[in-house]
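Reader: I would like to go through this model and ask what stands behind each label. Please set the values against the cut-offs as we go.

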Amino acid sequence: MHVGSKMVAAEHRWKHKHLLAVEELSADDIRYVLDTADSFKEVSTRSVKKVPALRGQVMVNLFFEDSTRTRTSFALAAQRLSADIIDFSEKTSSTKKGETLSDTARNIEAMGVDIVVIRHSAAGAAHLLARSIKCSVINAGDGAHEHPTQGLLDLYTIRERFGKVEGLKVAIVGDIVNSRVARSNLWGLKKLGAEVILVGPPTLLPRSFEQLGARVVHNLDEVIGEVDVINMLRVQFERIKSSQFPSVREFTRLFGLTWDRFQRCKKDVFVMHPGPMNRGIEISSDIADGPQSGILTQVTNGLAVRMAVLYLVTQE
């Protein structure tokens, strides 16, 4: 299969009309997405940053939650594939008048849309949509369930940095229980053979995550020196006042990637963050902007991964 100017191995066939969760993908599916993203990455380096792969296709960004990175990344990915884009604003839509999510999507589909990218505060919203409409659905984050393209771009970035995922030790640190990013990363990393260590306070990290194959740790200092990758999650300020959350200062002291704590990491540790960052709370600015940070690389790679996903779901 030719994509861009490179060839993607054809041994594995993509069979998914939708991308709803990393949990639903096989290890071969994941590798196929990452390999396809490889072939798209060079498009962004061209003087004319476009390929005709999705010419004539229409994508709608159906976002019911605020987003900057993901929404813009999908829009730019669609543009680079020559698709047409509709941006849906929940604030001015008929959902404010009581229209259901399914009816909104059916009305949009009736306008000739081929791909719906949805972000919603309710877990399972993307699956509901996929059952309600005939076009392809891509989950851009549903409640505390999954954020599959973030998980895939994180896997891509780790593989690019180390040349592999298998055998690495990856710590995901912070508010695990409310994080869709943590879940997508956990599924993807486990499927590709990494060891996943989840780190956070007991109120934000129940032992039940061990049933998903992760090692659960409530003391970051216990594992800081043994991991190859540290993925720091955003402190979600909307939860700080709840009984789940310690004070900001206490959280930073116990679970923040401070400069002092960073000195005890492996010399080649790779630091990641899905963004947006709360500098000085979950991560020090010196580390976020330092040579071992892959945070901006994640953003760059997100574009290639989303181009790959948009392309693949339309090929099924």
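**Overall fold**

Author: The model is predicted. The protein chain contains 11 helices and 11 strands.

Reader: What makes the radius of gyration of the protein chain agree with that of a compact globule?

Author: A compact globule of 316 residues would have a radius of gyration near 20 Å, and the protein chain has 19 Å, so the two agree. Along the principal axes, the C-alpha atoms fill a box of roughly 55 × 50 × 35 Å.

Reader: What share of the contacts in the protein chain joins residues 24 or more positions apart?

Author: Among contacts with a separation of 6 or more, 72% are between residues 24 or more positions apart.

Reader: How far apart are the mean positions of the positive and negative charges?

Author: The protein chain has 41 positive and 37 negative charges, and their mean positions are 2 Å apart.

**Helix α8**

Reader: How do you know that the buried residues of α8 are on the same side of the helix?

Author: Helix α8 covers residues 248–255, and its buried residues are F251, T252 and F255. They span an arc of only 105° around the axis, so they lie on the same side of α8. The face turned away from that buried side carries R249 and R253, both exposed; the cut-off for exposed is over 50% relative accessible area.

Reader: Which elements do the buried residues of α8 pack against?

Author: They pack against strands β7 (169–173), β8 (195–199) and β10 (229–232), and against helices α7 (220–223) and α9 (259–262).

**Two backbone details**

Reader: What is the omega value of the bond that joins G275 and P276?

Author: Omega is about -10° there, and the peptide bond is cis. P276 sits in the loop between β11 (270–272) and α10 (285–288).

Reader: What is noted about phi of S82, and is S82 buried or exposed?

Author: Phi of S82 is near 70°, a positive value in a residue other than glycine. S82 belongs to the loop between α2 (69–80) and β4 (84–89). Its relative accessibility is 15%, so S82 counts as buried, the cut-off being under 20%.

Reader: Why is Q298 called buried?

Author: Q298 has a relative accessible area of 2%, so it is buried. This residue is in helix α11 (residues 295–313). Leaving out residues up to four places away in sequence, Q298 touches Q150, L153, D154, T157, M272, H273 and P274.

Reader: Why does G294 count as buried?

Author: G294 has 1% relative accessibility, so it counts as buried. The residue is in the loop between α10 and α11. Beyond its neighbours within four places in sequence, G294 is in contact with T157, F270 and V271. G294 and T157 are 137 residues apart along the chain, yet their C-alpha atoms are separated by 7.6 Å.

Reader: What makes V313 a buried residue?

Author: The relative accessibility of V313 is 2%, so it counts as buried. V313 also lies in α11. Not counting residues up to four places away in sequence, its contacts are W14, H16, K17, H18, L19, S136 and I138. Its C-alpha atom is separated by 9.9 Å from that of D114, 199 residues apart along the chain.

Reader: Why does A78 count as buried?

Author: A78, in helix α2, has 0% relative accessibility, so it counts as buried. Residues up to four places away in sequence aside, A78 touches M59, A83, I85 and L310. The C-alpha atoms of A78 and V58 are separated by 8.7 Å, with the two residues 20 apart along the chain.

Reader: How do you know that I287 is buried?

Author: The relative accessible area of I287 is 2%, so it is buried. I287 is in helix α10. Its contacts, leaving aside neighbours within four places in sequence, are L257, T258, W259, F262, V271 and S293. For I287 and V271, the C-alpha distance is 7.9 Å and the sequence separation 16 residues.

Conventions. Residues numbered from 1 in each chain as written. Predicted model: local features only at pLDDT ≥ 70, side-chain atom pairs only at ≥ 80, totals over all residues. Heavy atoms only, no water. Helix = DSSP H or I, 4+ residues; strand = E, 2+ residues; numbered from the N terminus. Rg over C-alpha atoms; globule rule 2.2 N^0.38 Å. Contact = heavy atoms within 4.5 Å. Lys, Arg positive; Asp, Glu negative; His and termini not counted. Charge placed at Lys NZ, Arg CZ, Asp CG, Glu CD. Buried < 20%, exposed > 50% of the residue type's maximum accessible area, 1.4 Å probe, protein only. Arc of directions from axis to C-beta.
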